[in-house]
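Here are a few exercises to work through with the viewer open. Try each task before you read its solution.

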Amino acid sequence: MERKTYFVDLILPLPVPGTFTYRVPFEFNDWLKVGIRVVVQFGSRKVYAAIVKEIHERIPQDYTPKYILAILDSEAIVYPDQLKMWEWMSHYYLSSIGEVMNAALPSAFKLSSESKLLLNPSFQLGEITLNEKEELILIALQNQDSISLSQAADITDQKKVFPIIKGLIEKGMLLMEEELQEKYKAKKQSLIQLNKEYNSEESIRNLFEILEKKAYKQLEVVMAYLHLAQREGKTDAIIRKKAVLSQLDNGTAALKALEKKGVFRIFEQNISRLKDVAKTKKIEDIIFSNAQQKAMDELQSILIEKTTCLLHGITGSGKTEIYIKAMAEVVNEGKQVLYLLPEIALTSQIVNRLRLYFGEKVGVYHSRYNIHERVEIWNKVLQEKEGEMSYQIILSARSGIFLPFKNLGLIIVDEEHDSSYKQFDPAPRYHARDMALVLAQQHQAKVILGSATPAVETFYNARSGKFGLVNLKERYGEGRLPEILIGDLKNETRRKTMNGHFSTFLINHIKAALERKEQIILFQNRRGFAPRLECEQCNWIPQCPNCDVSLVYHKNQNRLRCHICGYSTHLIHKCSDCGSDEVRMKGFGTEKIEEDLGIMLPEARIKRLDLDTTRAKNAYENIFESFTDHQIDILVGTQMVTKGLDFENVSVVGVLNADNMINFPDFRAFERSFQMLVQVSGRAGRKKKKGKVIIQSFNPYHSVIQYVMNNDYQKMYDTQILERRNFKYPPFYRLIKFSLRHKDYRELNNAAADFAQLLREKFGARVLGPEYPMVAKIRGYFLKEVLLKLEKGFKTDHSRKEIKTIIDTFNSGKQYKAIRIIIDVDPM
Ligand code: ADP
Ligand code: ZN
Ligand code: ZN
């Protein structure tokens, strides 16, 4: 072993800028690699797993570096290309590379002395053999619910604990705490194995003789087992209990008896949710319509020249089939595909559709899956070797861009306009669609952006030639676009024909659809029962004590709740301002719609799909399935119902109130309302029947509603792009939003004014504010915003450096140390 002195530059999972240099003890020299994790101490007590970014021999001049304590991985878990992407992201989104690391790695990779560990509830003792140290950790966890990694270190030994914990996580014994909050529940199956004592020809013959006379059913079970075991090539093969029992009638009791006698061992095993798939269709089975074929041809020829192509196809036009064929070609070339979706709720439908064609090649990566599977997928993508790829297609929400792809050929960004592609909190506040382009560049891969309602920025890029553009303007097959009608709220209110929040027009359509045994989707953009209470005498509104929003009444729990911080309190009947007891509920949410409908249409089967009804794991899937099976007539929901659902039997879609969406004070409100209304309309009449969409509004001649009625994306785009240009918004200007946060209102005001001044010195009139945002207080902190509008092409790198310097100066002064500045590049 060479006795050279090496240093490593490490990325630590912290919101502090830059990398950190540590010294390598000689005995680790041979194990060093870029992209592996090492354990280091940072600060006086804390210990972290950090990523090796660079190995070098440059001795730090002004301080004595600490030694690294241990090495966690034998192979890199992150490629050099990924590290480059992390750097890019950290630079562009003005966040630390440690924050990027935190977003990028599955949490099981991010060990620190503060990590909380739990026993995996589905772990079974005896599944693995433990050594002495591991045994000690197990005992500790049997006595308390969780222990921190530093406690584990006290039990074992500081230097060794990280590798031990890493091993136990990989073996499935331990979980990290954040994991369990997601209600981890493993899927299990029962397995049978012949016990050793019976595993010889002689003992089987003896067993047969006994059973033949006394217990014929048991003999049948043994024979069924042996039959299946022989197919596996071993008389004591492990066979699924279900498979054995399906060979005969009523074998359960007999099998139990055999277990008692010690003939069989029956045990449970977790099965990966990702594997039970059958590939039943061939790509050649997809017969394109003429329009699809034309789109596909165009797409392919565009992607020879360009990296990115927008597929602008109306709802139900069959974009997914086009993706599938495009993916198949890339898969055949032996390359990987990343399929991005805005939300994981949508994956279960699409994953089933893809698995019909690609079977086990499809893997799902998302933070809702348990930690073990996330690491499993990460490792599988990492280990892809040519010729033996297991997951060639990865389906994922935004975090999929961080996976260790080796030879990515294609990225599909489905519903590219969706704002859930943007990470809001914490930093880095990245946009996965935009990062997909960066990722594709690294791999020389292609990108297909698909949407019925592209983001204005995307369409602009397509029009200006940066992206290719392919149109698909008709629905597949006999599907036709729905007819869009108006429920005129002003008119019906005047004529007194409203039934609560329902126009007679909408109710009549709902009733008619019910009579025809067709289904209905109703959309209301608020959850809960009433968005606010209000005093009739003095207009006092109960507010959250921590946030600048009104409390929402939830009838189900009979409580008022804050939708931002979760604060809740009992229902208020008396005004705290004037003492009047005329406190009334105002506005309406999905809960109220559900209740009112139930009273008006007692026969109808009504269900609600919103955040409140889908908190439990699989709740979304269950509602979705019962709607598909027509066990629900009317589905009432928030934006969840606007996304991706493809129901055959829906003939009426109702939008309860389009106005509050349109009037939202945001430069994207117009675009967003258009997208929302078109997407929800797209749920109607997707198969043969022509559906109807009824939009209720007080202002039916508003241009957004007119564009939706005429299905005129182009007009919407034209008006918006003009406004964007006139009022200096994207795509012509790049926005960077700074939100300053502090508990003290006055201090915040001063700080924000000074900060804006510092920015103005460098950027002049490009700085707007400070201003109070729409919600000016969140969780007890006051907020003030400063907006920077940089014209496209304006000294991009240079301005980032200036911003960093300004923030450093600002924060390093004593005065504003406690002010937090949240930076959002390209805010949504
Ligand atoms: P989009 O994603 O564009 O809204 P989908 O891809 O969901 O539309 O297609 C709408 C419906 O038409 C789906 O049920 C899909 O299976 C069906 N479909 C589309 N193209 C084909 C095709 N070539 N062959 C058979 N069915 C198709
Ligand atoms: Zn009052
Ligand atoms: Zn609150």
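**Exercise 1: the zinc site**

Along the sequence, the residues that hold the zinc ion (ligand 3) follow the spacing C-x2-C-x14-C-x2-C. Keep in mind that this is a predicted model.

Task: find which protein atoms are the donors of the zinc ion (ligand 3), and work out the geometry of the site.

Solution. Start with the atoms: the donors are the SG atoms of Cys 544, Cys 547, Cys 562 and Cys 565, and they lie 2.2 to 2.4 Å from the zinc ion. Next, check the angles among the four donor atoms, which run from 105 to 114°. Four donors count as tetrahedral if all angles lie between 85 and 135 degrees, so the site of the zinc ion (ligand 3) is tetrahedral. For reference, the ideal angle for four tetrahedral donors is 109.5 degrees.

**Exercise 2: buried or partly exposed?**

Task: sort Cys 562 and Cys 565 by accessibility.

Solution. Buried means under 20% relative accessible area. Cys 562 has 3%, so it counts as buried. Cys 565 comes out at 25%, so this one is partly exposed.

**Exercise 3: the open sheet**

Task: give the strand order of the open sheet of seven strands, then name its edge strands.

Solution. Going across, the order is β14-β15-β13-β16-β17-β12-β18, and the pairing is parallel. β14 (362-365) and β18 (468-472) each pair on one side only, which makes them the edge strands. Now zoom in on β14: it pairs with β15 (residues 393-396) over four bridges, and Val 362 stands opposite Ile 393 in β15.

Notes: Residues are numbered from 1 along each chain as its sequence is written. Chains are lettered from A and ligands numbered from 1 in the order in which they are written. This is a predicted model: local features need pLDDT of at least 70, side-chain atom pairs count only at pLDDT 80 or more; totals for chains, interfaces and linings use all residues. Side-chain values use heavy atoms; hydrogens and water are left out. Donors are N, O and S atoms within 2.8 Å of the metal (3.2 Å for Na, K and Ca); water is not among the atoms, so sites may look incomplete. Four donors count as tetrahedral if all angles lie between 85 and 135 degrees; four count as square planar and six as octahedral if opposite donors are over 155 degrees apart and all others between 65 and 115; anything else is irregular. Buried means under 20% relative accessible area, exposed over 50%, partly exposed in between (1.4 Å probe, protein chains only). Two strands pair if DSSP finds at least two bridges between them. Helices (H or I, at least four residues) and strands (E, at least two) are DSSP runs, numbered from the N terminus.
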